[in-house]
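Hi everyone, thanks for coming. Let me put the model up on the screen, and then we'll walk through a few parts of it together.

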Amino acid sequence: MRAELKNFQHEQYYFRLRLGFTALVVLCLFGLLATRFFYLQVKQYNHYQTLAEKNRISLVPIVPNRGLILDKNGVVLAHNFFVYTLEITPSKIENLEATIAEVSKLVEVSSLDRKRFNKLRDESRNFESVPIRTHLNEVEAASFAVNHYRFPGVEIKSRLYRHYPLGKLGAHIVGYIGRINDKDLINLEKDGVLSNYKGSDHVGKSGIEQFYETQLHGTTGFQQVEIDADGRAVRVLSSTAPVPGSNLVLSIDSKLQEIAETAFGERRGALVAINPKTGEVLSYVSQPSFDPNLFVDGIDVDNWKLLNESLDKPLINRPIRGVYPPGSTFKPFVALAGLEYGKRAPPYAINDAGYFSLPNSTHRYRDWKPSGHGIVDMQKAITISCDTFFYGLALELGIDRLTGFVRHFGFGGKTGIDIQGENGGLLPTPEWKMRRFKQPWYQGETVIVGIGQGYTLTTPMQLAYATATLANNGIAMKPHLVTQIQKAITNENLAVPFVVQDRVSIKPENIDIIKRGMVDVTLPGGTAASVGANAGYSIAAKTGTAQVIGIKQNAKYNASAIDERHRDHALFVAYAPADDPTIALAVIVENGGHGGSAAGPIARKVMDYYLLGKLPIPESTKTDNKKPRDSGVSIVTPQTTPEEELHD
Amino acid sequence: MISKLFQQFFKHIDSFLMVCLFSTLMVGLFMLYSASGQNFSRVYAQGINIIVAFCFMWVAANIAPNQLERMALPLYLLGVVLLIGVALFGHISHGAQRWLDIGPMHIQPSEIMRIAVPMMLAWYFSKQEGKPRMVDFATGALLLAVPVALIMKQPDLGTSLLVAASGFYILFLAGLNWKFLLGGTVLFTALTPVFWSMLHSYQRRRIEILFDPTQDPLGSGYHTIQSMIAIGSGGSAGKGWLNGTQTQLDFLPERTTDFIFAVFSEEFGFLGNLLLLTLFSLIIMRGLVIASQAQSTFSRLLAGSITLTFFTYAFVNMGMVSGILPVVGVPLPLISYGGTSMVTICLSFGILMSIQTHKKLVAT
């Protein structure tokens with residue numbers, strides 16, 4: 001018993017010794033923890049404090065309102081409005097298909113919506129929200145909102161949407177915005193403005209929307225927001241307001257634009273009208289057109305196919321991208337070159353037999369009138385568009401002097417209009433031909449440049465610009481669509497200045513001859529007499545026909561026997577009033593046949609409204625639907641049409 | 001009459017331990033309210049957990065140590081059987097097999113083992129005459145190794161380490177030779193590469209990231225980095241209750257359970273941490289005092305083990321949250337949300353109280 005007790009005491013002693021040791025270890029380890037806490041919370045406090053701040057504070061961009069686009073009378077061409085969109089963030093959703101199926105029970109999701117969603121999803125990153133439905137009405141928005149808790153990762157957003165109230169009207173002027181894609185991102189980064197696009201989904205893709213992107217977009221504001229780990233904003237700490245984009249006022253009158261576009265009817269073509277004194281673009285038509293609203297939220301595949309694969313090519317911005325041989329509309333400029341180089345000054349005249357041949361050659365360069373025009377001087381050569389006269393003149397001037405002179409009128413170069421993607425056309429030279437075809441220049445090629453054929457290519461924009469420069473006696477005004485930039489906030493109104501782009505030195509007596517010839521074009525006996533009939537103001541004009549396919553020697557051009565798309569393009573340039581021009585224009589009707597009859601009436605309607613405020617007579621008497629191209633003539637000119645007018 | 005009944009009812013409750021436990025639990029409830037985003041239903045649920053746990057504690061405190069001694073072997077055997085059952089038919093959740101469904105019951109046998117293993121070992125050593133011999137320690141180690149291996153297989157590294165620790169404390173307090181301890185340490189160091197190869201890849205990753213949390217800031221390192229930010233940004237006095245930005249803005253993961261200490265640290269700072277360490281120290285010291293005064297071998301070994309295991313819980317949890325120990329999934333005792341661990345811990349404190357308050361009855 002004693003031994004046992006002693007043993008017990010002994011055991012307890014050793015136990016307490018070990019217990020004391022563990023107590024020491026406990027205190028040491030707690031001391032270690034305390035040291036760790038001291039290190040983290042006292043010594044490293046600033047470091048972790050900063051990290052915590054960084055964690056919880058995030059900069060959230062506030063997207064500025066995009067500027068409006070208005071016509072000269074304040075008619076809205078592009079504006080913004082709020083739309084409810086239903087958006088899905090794919091990364092937050094486990095089963096996308098099932099979610100969409102569930103969502104579509106509440107809000108209708110069409111197959112078109114699905115297609116667009118899939119396309120947009122491919123283009124965007126996983127954590128970005130992508131619209132599955134746009135333009136939800138109040139009822140749809142409300143019915144989803146009630147069920148929102150069932151759909152994490154699906155949200156209703158109120159987005160500012162771009163809308164083009166006039167739709168197809170002026171679509172090629174205003175252009176459209178579209179969702180920012182990878183290419184846009186690269187461009188934005190190159191321009192150093194990428195940070196301004198944080199939060200922006202859209203960027204101008206064409207037209208004014210693209211050219212004036214910087215002004216329209218505005219400056220993105222920022223909010224310092226406290227966020228949680230999922231990135232949800234909890235509280236706003238500070239904010240810098242965005243600066244909305246500037247409103248742009250165009251020189252376009254939407255009423256005039258409507259008249260011009262309507263005048264084309266179903267025909268394809270382009271029209272550019274410029275105020276020759278200021279360079280303001282008054283009308284800018286590219287037919288057929290398209291509805292820019294389709295592009296705003298990403299165009300669906302079906303519509304895209306329809307537009308992109310159409311033979312009519314509605315997406316081509318014809319005034320600056322369409323290149324056509326200028327045909328006889330080139331003649332006034334060739335004529336002026338001749339006069340300036342001392343050639344063909346009155347009373348010089350030729351006796352036209354209906355053809356021109358190079359010395360020592362039997363090849364005949366035919367006039368459009370096989371029998372010839374008889375005695376023709378410079379002024380008459382323009383009025384009746386005598387080919388033979390210009391064949392000889394071009395040859396005598398030589399290709400270098402000819403192109404060197406007309407280049408001042410904007411041919412072969414960009415006019416500088418405020419729409420991107422302008423094509424410079426082509427003024428052929430021997431150097432160019434050598435570069436392009438590795439072939440020498442032939443004299444015969446110079447001959448046909450004299451009548452605007454051959455390699456020569458111009459855009460409708462160039463033709464209008466050249467005509468305006470001619471009307472303005474050689475002073476070339478830079479063409480522009482935007483006349484005023486109205487800044488937001490400050491309400492500052494910046495007028496876009498009129499810029500003289502070139503001054504062609506021309507002797508007044510020379511330009512007088514050309515102008516008189518062009519006025520005569522719209523008088524009885526001229527190639528566009530019907531266009532000038534009963535106008536009430538004088539019109540200086542020139543008709544033109546551009547060959548789409550070459551016509552063989554001795555073959556006769558027969559319009560009705562040729563496939564429609566192989567028919568000649570009809571061209572028409574004009575300015576009015578002839579003595580003090582305020583409008584200069586160029587019209588091209590693709591496969592329209594003859595300039596005077598197909599393109600002229602369109603020009604006349606535009607000028608009538610612009611100069612007189614006269615509305616065109618409504619086309620109530622559409623007698624022949626199958627041949628709309630011929631109907632234009634009879635409406636403008638109820639009188640009999642001279643035989644010449646059917647030709648160039 | 002009523003006061004006598006009251007006295008009788010609380011006869012086996014150790015008041016010093018009770019005050020410390022209650023204070024810590026209150027701190028836990030306040031932290032839970034903050035950590036759950038001021039969700040009162042969470043606090044309410046935890047309140048229920050505490051009441052249930054207190055019932056277990058009261059029952060345990062009223063069972064005399066000699067009766068506990070008798071329960072040790074059956075409980076241990078039951079635990080092992082259930083663990084094998086889990087391995088064979090267990091319910092798999094989050095990639096681990098820890099639960100066993102018996103009828104409506106949802107049992108986690110590894111929790112039973114946290115009590116059963118120290119009881120079993122204490123019982124085993126109390127049965128040995130005189131100074132335990134080498135063979136006894138070897139047998140003890142085997143009795144310990146079986147459940148630890150089974151729990152590690154689930155896999156539940158945190159619990160297996162803690163069960164192993166609770167058994168080891170018994171061996172140590174029973175007088176395991178220092179030479180063996182030293183030799184064991186050397187052996188452990190030598191065997192580390194072998195253990196390393198046995199670990200699950202996620203466990204290895206956790207250990208790798210422990211040494212360099214920046215390796216995987218959005219993956220495995222995220223927990224540690226965010227909790228270190230929470231602790232560090234708390235500063236010396238803390239951001240104030242309910243004002244922890246890391247906590248309130250959802251940056252802290254698992255902040256009501258394993259990482260609740262980071263919430264406390266962020267909102268109450270270095271001073272708060274010292275206070276909490278003091279509170280834990282008081283509980284531990286009281287436990288060690290109870291152990292040193294215990295009158296039977298079984299009681300003192302069990303009391304010592306329970307106390308040191310509680311310390312281990314607290315140390316490992318605070319160590320992992322503050323980034324000096326790997327993230328092994330150990331809750332902070334008395335503070336973290338969760339019913340099972342609450343019951344286990346209170347039950348063990350009930351045993352401590354029983355050992356303390358039945359003392360005189362056993363004495364001759």
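A quick definition to start: two strands pair if DSSP finds at least two bridges between them, and strands themselves are DSSP runs of E with at least two residues, while helices are runs of H or I with at least four, numbered from the N terminus. What we have here is a predicted model, where local features need pLDDT of at least 70, side-chain atom pairs count only at pLDDT 80 or more, and totals for chains, interfaces and linings use all residues. Residues are numbered from 1 along each chain as its sequence is written, with chains lettered from A and ligands numbered from 1 in the order in which they are written.

So, in chain A, strand β3 (residues 76-88) runs antiparallel to β4(A), with four bridges between them. One bridge joins Glu87(A) to Pro131(A) in β4(A). Strand β4 of chain A spans residues 130-136, and five of its seven residues are buried, meaning 20 or more other C-beta atoms, placed from the backbone, lie within 10 Å of their own.

Now the chain pair. Contact means C-beta atoms, placed from the backbone, within 7 Å; 34 residues of chain A are in contact with 37 residues of chain B. On the chain A side, α1(A) gives the most, with 19 residues.

Last, the interior. A nonpolar core is a set of buried Ala, Val, Leu, Ile, Met, Phe, Trp, Tyr and Cys residues joined through C-beta atoms within 7 Å. The largest has 118 residues, and Val272(A) is among those with the most contacts inside it. Beyond four places in sequence, Val272(A) touches residues including Tyr284(A), Pro319(A) and Leu585(A). A second, separate core of 114 residues includes Leu19(A) and Val86(B).

Conventions
Two residues are in contact if their C-beta atoms, placed from the backbone, lie within 7 Å. A residue is buried if 20 or more other C-beta atoms lie within 10 Å of its own, exposed if 12 or fewer, and partly exposed in between; C-beta atoms are placed from the backbone.
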